[in-house]
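Work through the exercises below with the model open. Try each task before reading its solution.

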Amino acid sequence: MLQRILDYLPVGMFLLSLFYFYFYQRNEYTTIFYLLGTIANVCVNVLLKIWLREPRPGKTIHSHIGLFLAPFNNYGMPSGHAQFATYSLVYFYFVTRTHRKLIPLFTLTLFTFLILAQRIYTNAHTVQQVMVGALVGSLLGALIFVFLQ
């Protein structure tokens, strides 16, 4: 049960970030760039999985994410959960850097570490797959922020 909840924690991060950018900050550009970055993040993840074709450490996972992405769900490099979590965290960090909002930033940081640990603990990914996903997500978060400027 807890694993299932943690599997969907990136959705919570997405909704929390989206809510913050759109309703609290009331900045359409920040919200649009976050959404575009999320789409770019998914595309980069799928392309890297196609290119690298590194299998997951455990058994084959049957996809529940749709027919288009199902063939790539059995590849583990890089971890999509780790990539999205760090993308959201880094983007949020840079957007709020001048007016730190500690509670949302702490919450996203906690979610990120929970996601990274859960992916390794449940054997959904190797440590290397999670670290590469975290690195790619962090770079994309910073890059999308630079485009926002």
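**Exercise 1. A histidine**

Is His-81 buried, partly exposed or exposed?

Solution. This is a predicted model. Start with the place: His-81 sits in helix 4. Next, take the relative accessible area, which is 22% for His-81. Buried would need a value under 20%, and exposed a value over 50%. His-81 is therefore partly exposed. Last, look across the chain. His-81 and Gln-118 are 37 residues apart along the chain, and their C-alpha atoms are separated by 9.8 Å.

**Exercise 2. The chain as a whole**

State the secondary structure pattern of the protein chain and its share of buried residues.

Solution. Count the elements: six helices and zero strands. Along the sequence this reads α-α-α-α-α-α. The protein chain has 149 residues, and 40% of them are buried.

**Exercise 3. Helix 4**

Check the span of helix 4 against its number of residues, then list its buried residues.

Solution. Helix 4 has 16 residues, which at 1.5 Å a residue should span 22 Å. The end C-alpha atoms of helix 4 are 22 Å apart, so the values agree. Now the burial: twelve of the 16 residues are buried, and helix 4 is mostly covered. The buried residues are Ala-82, Gln-83, Phe-84, Ala-85, Thr-86, Tyr-87, Ser-88, Leu-89, Val-90, Tyr-91, Phe-92 and Val-95.

**Exercise 4. Helix 3 against helix 4**

Classify the packing of helix 3 and helix 4 by direction and handedness.

Solution. Take the geometry first. The angle between helix 3 and helix 4 is about 150°, and their axes are 10 Å apart. Angles over 145 degrees count as roughly antiparallel. Helix 3 and helix 4 are therefore roughly antiparallel. Their crossing is right-handed. Finally, name the contact residues. Helix 3 contributes Thr-30, Phe-33, Tyr-34, Gly-37, Thr-38, Asn-41, Val-44, Asn-45 and Lys-49. Helix 4 contributes Gly-80, Gln-83, Phe-84, Tyr-87, Ser-88, Tyr-91 and Val-95.

**Exercise 5. Two tyrosines**

Solution. A pair of aromatic rings is described by the distance of the centres and the angle of the planes. The structure holds six aromatic pairs. For Tyr-34 and Tyr-87, the ring centres are 5.7 Å apart and the planes lie at 10°, so the pair is stacked. Tyr-34 belongs to helix 3 (residues 28-52) and Tyr-87 to helix 4 (residues 80-95), so the pair ties together parts 53 residues apart in sequence. Both tyrosines are buried. Tyr-34 has a relative accessibility of 0%. From C-alpha to C-alpha, Tyr-34 and Tyr-87 are 9.4 Å apart in space. Ring pairs also link Tyr-34, Phe-84, Tyr-87 and Tyr-91 into a cluster.

**Exercise 6. Helix 6 and its cover**

Solution. Helix 4 passes helix 6 in a right-handed crossing. Among the residues that meet are Val-90 and Phe-94 in helix 4, and Gly-137 and Phe-145 in helix 6.

Technical notes. Residues are numbered from 1 along each chain as its sequence is written. This is a predicted model: local features need pLDDT of at least 70, side-chain atom pairs count only at pLDDT 80 or more; totals for chains, interfaces and linings use all residues. Side-chain values use heavy atoms; hydrogens and water are left out. Rings of Phe, Tyr and Trp (its six-membered ring) pair if their centres lie within 6.5 Å; planes under 30 degrees apart count as stacked, over 60 as edge-to-face and the rest as tilted. Helices (H or I, at least four residues) and strands (E, at least two) are DSSP runs, numbered from the N terminus. Buried means under 20% relative accessible area, exposed over 50%, partly exposed in between (1.4 Å probe, protein chains only). Axes are lines fitted to C-alpha atoms, for helices over the stretch in contact, and angles run from 0 to 180 degrees between N-to-C directions. Angles under 35 degrees count as roughly parallel, over 145 as roughly antiparallel, 65 to 115 as roughly perpendicular and the rest as oblique. A crossing is left-handed if the near helix is turned anticlockwise from the far one by less than a right angle, and right-handed if clockwise. Contact means heavy atoms within 4.5 Å. The expected span of a helix is 1.5 Å times one less than its number of residues.
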